[in-house]
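Please look through the sequence and the model shown here, and then follow the notes by topic.

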Amino acid sequence: MSITSRTVRRLTPVAALLFLGLALLIRAVDDGALRQYSGTALYASMVWAAVLFLCPRMAPVPAGTVATVSCWVVELAQLTGMPAELSARSLAARLALGVQFDPVDLAWYPAGVAPLVALHHLVRARRVRARSTAA
């Protein structure tokens, strides 16, 4: 199966929904650190899916970098208080922007993205190998 931009655009929303479902499942069965940190990592995974949805031909490392830096920007924006103010008015803003800065989250974002970058790299390498053996 050839992985085209169209295929990526079809698969990334499915991946994002799977990440969200997993986060909600963990949230339903745990109320401790697993809940908090897995949610942070899975949020970053959803951002990675969004990056690839918007730029389906992006290479693995740049996609992971954009996703991670985007998460860091949102986290650091929480230091301004603006996300908390928006979150008080909107559940969507609360889910997307968070409320309170947590420096530990800065480490969990790359933890949610790194496995996806590795998988993305493996899929890309496999596709390149398949192309070179077919030629």
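A residue counts as buried under 20% relative accessible area, as exposed over 50%, and as partly exposed in between. Val69, with a relative accessibility of 39%, is therefore partly exposed. The model described here is a predicted one.

**Aromatic pairs**

- Two aromatic pairs are found when the whole structure is searched.
- Tyr37 and Trp108 form a stacked pair, because their ring centres are 5.4 Å apart and their planes lie at 10°.
- Tyr37 belongs to helix α2 (residues 33-54) and Trp108 to helix α6 (residues 105-134), so this pair ties together parts that are 71 residues apart in sequence.
- Tyr37 is partly exposed, its relative accessibility being 22%.
- Trp108 is likewise partly exposed, at a relative accessible area of 33%.
- The rings of Tyr43 and Tyr109 make a tilted pair, because their centres are 6.1 Å apart and their planes are at 55°.
- This pair also links distant parts of the chain, with Tyr43 in helix α2 and Tyr109 in helix α6, 66 residues apart.
- Tyr109 has a relative accessibility of 5% and therefore counts as buried.

**A charge over a ring**

- Arg9 places its charged end over the ring of Phe53, at 5.8 Å from the ring centre.

- Val69 lies in helix α3.
- A nonpolar patch on the surface is formed by Val69, Trp72, Val73, Leu76 and Leu79, which together have about 450 Å² of accessible area.
- Thr68 is also located in helix α3, which covers residues 60-77.
- Is Thr68 buried or exposed? With a relative accessible area of 8%, Thr68 is buried.
- When neighbours within four places in sequence are set aside, the contacts of Thr68 are with Pro110 and Val113.

**The salt bridge**

- How many salt bridges does the structure hold? There is one salt bridge in the structure.
- This salt bridge joins Arg89 and Glu85, whose closest N and O atoms are 2.9 Å apart.
- Both residues lie in helix α4 (residues 82-89), where Arg89 and Glu85 are four residues apart, about one turn of the helix.
- Arg89 is exposed, with 63% relative accessible area, whereas Glu85 is partly exposed at 43% relative accessibility.

**Ala41 in helix α2**

- Ala41 is placed in helix α2.
- Its relative accessible area is 11%, so Ala41 is buried.
- Leaving out neighbours within four places in sequence, Ala41 is in contact with Trp108 and Gly112.
- Trp108, one of these contacts of Ala41, is also the residue whose ring stacks with that of Tyr37.
- Ala41 and Val104 are separated by 63 residues in sequence, while their C-alpha atoms are 11 Å apart in space.

Key:
Residues numbered from 1 in each chain as written. Predicted model: local features only at pLDDT ≥ 70, side-chain atom pairs only at ≥ 80, totals over all residues. Heavy atoms only, no water. Phe/Tyr/Trp six-rings, centres within 6.5 Å; stacked < 30°, edge-to-face > 60°. Helix = DSSP H or I, 4+ residues; strand = E, 2+ residues; numbered from the N terminus. Buried < 20%, exposed > 50% of the residue type's maximum accessible area, 1.4 Å probe, protein only. Lys NZ or Arg CZ within 6 Å of the ring centre and 35° of its normal. Contact = heavy atoms within 4.5 Å. Patch = residues over 30% accessible without salt bridge, like charges linked within 9 Å, V, L, I, M, F, W, Y side chains within 5 Å. Areas by Shrake-Rupley, 256 points an atom, 1.4 Å probe, with all protein chains shown as cover. Salt bridge = Lys/Arg side-chain N within 4 Å of Asp/Glu carboxyl O.
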